[in-house]
Amino acid sequence: TVVVLGSVNMDLVTTTEIRPTPGETVLGSGFATVSGGKGANQAIAAARSGARVRFLGAIGDDAFGATLRSTLADAGVDTTLLRVFDGPSGVATIVVDATGENSIIVVPGANGHVRDLTAEELAAIAEADLLLCQLEIPIETVTAAARHARASGTIVALNPSPVQPLPAELWAAVDLAIVNSLEYEQYSTELAHLAHVVRTLGGDGAAYYGADETELPVSALAVEVVDTTGAGDAFTGALVATWTRGPAFAVNWANTAGAVATTILGASSSIPDHTQIAARLPT
Ligand code: ADP
């Protein structure tokens, strides 16, 4: 079992010719609500890769919360650990103009209240094979969960995104870090002490760096790229879902999942399933 501890948001995506200036009102051309949050997206990706996944995070007691819960459940993610807070679910208001430029406001809402892990939550982490975290919920909670996992023999995977300063106790509990090129640069000092680092390289594929200088580069799949949003989350979920099969298999599997995700528009909607990944997996 994989426990994913992280964020779940509703993305409110408005498309408009020109973004309004302060005080101005414009007519937009489109609107969509899309489930998101790195935690939820990676949980969905891991479940679609075939892992048993439990999501640990929080929604608000609003209509978005109910939709977010069913999106996770429909993807096969166990939501029995999902907390419900009085107040709003996390939302990201995204305005995209005709040139493709966007402005985004993220309100963490319930995600900001994931604190003080309960006995049931700690037990779920201890029983899991692997704990996966990102940095879109309070860092103290991520640190406490990671330390508990490490002490219980559960593998700790961290996708340290968005980049921010992290306590040394968190890094000390991490077994596997999954980073993009920016994160690889920003956390270079901390990553140097880890036994397992997986770096995503966009159109150049990915690489695994193990202890004793092992380096395993994997080329990107040649695909027709439509939208790279969510490719990183698809990669990370697919990687942790297959991590017990060894780094070589897992990175190849994740690299295939990431590539397939770029061929479909959207973030959570573009996450490929086991069959789609297996069909494109290089042998
Ligand atoms: P992020 O979006 O988090 O910065 P990357 O851009 O590194 O992540 O992409 C994550 C993964 O998605 C890559 O490691 C690769 O497997 C896949 N991917 C991304 N862009 C492409 C592309 N142009 N062609 C093929 N695969 C891609």
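Where is asparagine 255 found? Select asparagine 255 and look: the residue is found in helix 9. Helices here are DSSP runs of H or I with at least four residues, strands are runs of E with at least two, and both are numbered from the N terminus.

Before moving on, note that this is a predicted model, where local features need pLDDT of at least 70 and side-chain atom pairs count only at pLDDT 80 or more, while totals for chains, interfaces and linings use all residues. Residues are numbered from 1 along each chain as its sequence is written, and side-chain values use heavy atoms, with hydrogens and water left out.

**Stop 1: asparagine 255**

Stay on asparagine 255. Is this residue buried or exposed? Its relative accessibility is 6%, so asparagine 255 counts as buried. Buried means under 20% relative accessible area, exposed means over 50%, and partly exposed lies in between, with a 1.4 Å probe and protein chains only.

Now show serine 219. The side chain of asparagine 255 reaches the backbone oxygen of serine 219 at 2.8 Å. This is a polar contact, a pair of N or O atoms within 3.5 Å; within protein, one must be able to donate a hydrogen and the other to accept it, and residues adjacent in sequence count only if both atoms are side-chain atoms.

**Stop 2: the ligand**

Select the ligand next. There are 17 residues around the ligand. A residue belongs here if one of its heavy atoms lies within 4 Å of the molecule. Asn180, Thr200, Gly202, Gly205 and Asn255 come nearest.

- Asparagine 255: 2.7 Å.
- Threonine 200: 2.8 Å.
- Asparagine 180: 3.2 Å.

How much of the ligand's accessible area does the protein cover? On its own, the ligand has 550 Å² of accessible area, and the protein covers 78% of that. Such areas come from the Shrake-Rupley method with a 1.4 Å probe; for residues, only the protein chains shown count as cover.

Colour the shell by residue type. Eight of its residues are nonpolar, nine are polar and none is charged. Nonpolar covers Ala, Val, Leu, Ile, Met, Phe, Trp, Tyr, Cys and Pro; charged covers Asp, Glu, Lys and Arg; the others, Gly among them, are polar. Now highlight helix 8 (231–242) and helix 9 (247–261). Each of these helices supplies at least two residues of the shell.

**Stop 3: aromatic pairs**

How many aromatic pairs does the structure hold? It holds four. Rings of Phe, Tyr and Trp (its six-membered ring) pair if their centres lie within 6.5 Å; planes under 30 degrees apart count as stacked, over 60 as edge-to-face and the rest as tilted.

Select tyrosine 184 and tyrosine 209. Their ring centres are 5.6 Å apart and their planes are at 35°, so the pair is tilted. The pair links distant parts of the chain: tyrosine 184 is in helix 6 (residues 181–186), tyrosine 209 is in strand 13 (residues 206–210), and they are 25 residues apart. Tyrosine 184 is partly exposed at 25% relative accessibility. Tyrosine 209 is buried, at 17%.

Go to phenylalanine 249 and tryptophan 253. This aromatic pair is stacked, with 5.8 Å from centre to centre and 20° between the planes. Both residues lie in helix 9, four residues apart, about one turn of the helix. Phenylalanine 249 counts as partly exposed at 24% relative accessibility, while tryptophan 253 is buried at 4%.

Arginine 199 lies over the face of tyrosine 184, at 4.0 Å from the ring centre. Arginine 245 lies over the face of phenylalanine 249, at 3.8 Å from the ring centre. For a charge to sit over a ring, NZ of Lys or CZ of Arg must be within 6 Å of the ring centre and within 35 degrees of the ring normal.

**Stop 4: the backbone**

Most residues other than glycine have a negative phi, and most peptide bonds are trans. Now look for exceptions.

Select serine 161 and proline 162. A cis peptide bond joins them, with omega about -5°. Proline 162 is found in the loop between strand 10 (155–158) and helix 5 (168–173).

Move to aspartate 116. Its phi is positive, near 50°. The residue is found in the loop between strand 8 (102–107) and helix 3 (119–127). Aspartate 116 is exposed, with a relative accessible area of 69%.

Finish at aspartate 212. Its phi is positive too, near 45°. Aspartate 212 is found in the loop between strand 13 and strand 14 (215–218). Its relative accessible area is 69%, so aspartate 212 is exposed.
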